[in-house]
Amino acid sequence: MAENLHRTSAAESLALFVPQTDEERTKEEYINSHPLTASLRADPNLVESRPHMQLPPAWRKINLTAGTLMGPGKVTVPPFSWAARDGSNYVQISHVGTDLCGHVGIVHGGFLATMLDEGLARCCFPVLPHQVGVTAKLEINYKAPAMADQFLVLRARTTKVEGRKAWVEGHIETLPGEEGKEPTILATASALYVSPKNAETMAKLVRTGFVICDRNRTLPHPLFTGGYFNEELLLNPSNITWHPSLSRRERFQLRGQRGFTVWFTGLSASGKSTVATALEQHLLHLGLAAYRLDGDNIRFGLNKDLGFSEKDRNENIRRIAEVAKLFADSATIAITSFISPYRADRQMARELHASSQAGDDPLPFIEVFVDVPLEEAEKRDPKGLYKKARAGEIKEFTGISAPYEAPENPEITIRTHELSVEECVQKIVDYLKEQGLITQTEETR
């Protein structure tokens, strides 16, 4: 059975909360009468709302902030927010009670992180496709203790937008009670939000409030698989079942080796495929099962339906991550050599390997950054791609007309303009031995 529960508009949300206790009335009146509130309401470029009240009641009950964290002693009254129509900035005023503490009398840092994640996201949503995004990265710095039972102000601004991605910075500060008193900054944050491939479908379901009722349980979200909307699953989520087999540990023991993925990333012509091929050969000579998944080769079969737009590149990496995980799960060493220019996509691949079914151990994921300067890669240019990109014949070419986001904390970094292929392979093999991922050598084989 399915039902439609509609979200309220920003204007409608302002009238939905009616204070029931003296505490709620006091906090509500304080926010409404504060000079900051007046100045925000006077700005014609800002849209005022109470975003948690925009959720349908059935959603609110099981929503973390709108349900679990809302109420006496917690977030006392639903926060007020003011969002710029162009997604450039956002302000939110809240009151935090005494029951959200880590240390006695000090608001838990995890709660502040939740506030920042939601607030920064709401800031940039207007500029993302279909106004939908998911958190790809969130970094927080705590500056001062946030004392309980006080009013807090969250401020955010969008600093950069590229296609489906938006970068946002913000902070939480105190709300001074005295005019002219400077607020204290309690925590700062920076974040990256990405509009998923299924954003249009998600937005449609969110707008209509579509939910699924299955065995008397209401699911307040659509069901998706692999980044694409799956209508059959939505109508009948019981159509698929995970079928257990041997555990990874058993499979690894029986095959005499551990499965894992070595993920090469770097610019075109950086030497990824050359080193990956040599690594595969070396591991095979050691008697280890290994298989290389190459960026070009995969596009002759599995991914021949994909182009080179950002959307198709994301899907290209998603599929490869899934295939690499299957190889690793089978006790094979998966070696992938793809430009994979976006950190969010590589993080997705890493998290996919970390996930497990039925208590299986996570699969090791080793990111190898082939760190070669653009000038060096362009100088090599074995396929003539950089030359074509410079001439405008190839659009969205990584390093020229499309970005490459270098890894921040790769397990291994190799520089093929400084080391020979053999030296690069040895560096990787040494790391694998140090981590206990391989034990065979040419002498013990």
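1. In what sense do S14 and strand S15 (residues 333-337) pair, and over how many bridges? In this predicted model, the two strands pair in the parallel sense, over five bridges. Within this pair, Ala290 stands opposite Ile333 in S15.

2. Now the sheet as a whole. Five strands form an open sheet with parallel pairing, in the order S14-S15-S13-S16-S17. Its edges are strand S14 (290-294) and strand S17 (412-414), each of which pairs on one side only. From one strand to the next, the twist averages 20°.

3. Two helices deserve a look here. H12 packs on the sheet and touches strand S13 (260-265), S14 and S15, its direction making about 150° with that of S13. H13 also packs on the sheet, touching S13 and strand S16 (365-370), and its direction makes about 155° with that of S16.

4. How do these helices sit against each other? The axes of helix H12 (residues 310-329) and helix H13 (residues 343-354) come within 9 Å and cross at roughly 25°. Because angles under 35 degrees count as roughly parallel, H12 is roughly parallel to H13. Their crossing is right-handed.

5. Finally, the residues in that contact. H12 contributes Asn314, Ile317, Arg318, Ala321, Glu322, Ala324 and Lys325, while H13 brings Asp345, Met348, Ala349, Leu352 and His353. Sorted by class, the contact of H12 with H13 has six nonpolar, two polar and four charged residues.

Terms used. Residues numbered from 1 in each chain as written. Predicted model: local features only at pLDDT ≥ 70, side-chain atom pairs only at ≥ 80, totals over all residues. Heavy atoms only, no water. Axes fitted to C-alpha atoms, helices over the stretch in contact; angles between N-to-C directions. Helix = DSSP H or I, 4+ residues; strand = E, 2+ residues; numbered from the N terminus. Parallel < 35°, antiparallel > 145°, perpendicular 65-115°, else oblique. Left-handed = near helix turned anticlockwise from the far one by under 90°. Contact = heavy atoms within 4.5 Å. Nonpolar A, V, L, I, M, F, W, Y, C, P; charged D, E, K, R; others polar. Pairing = 2+ DSSP bridges.
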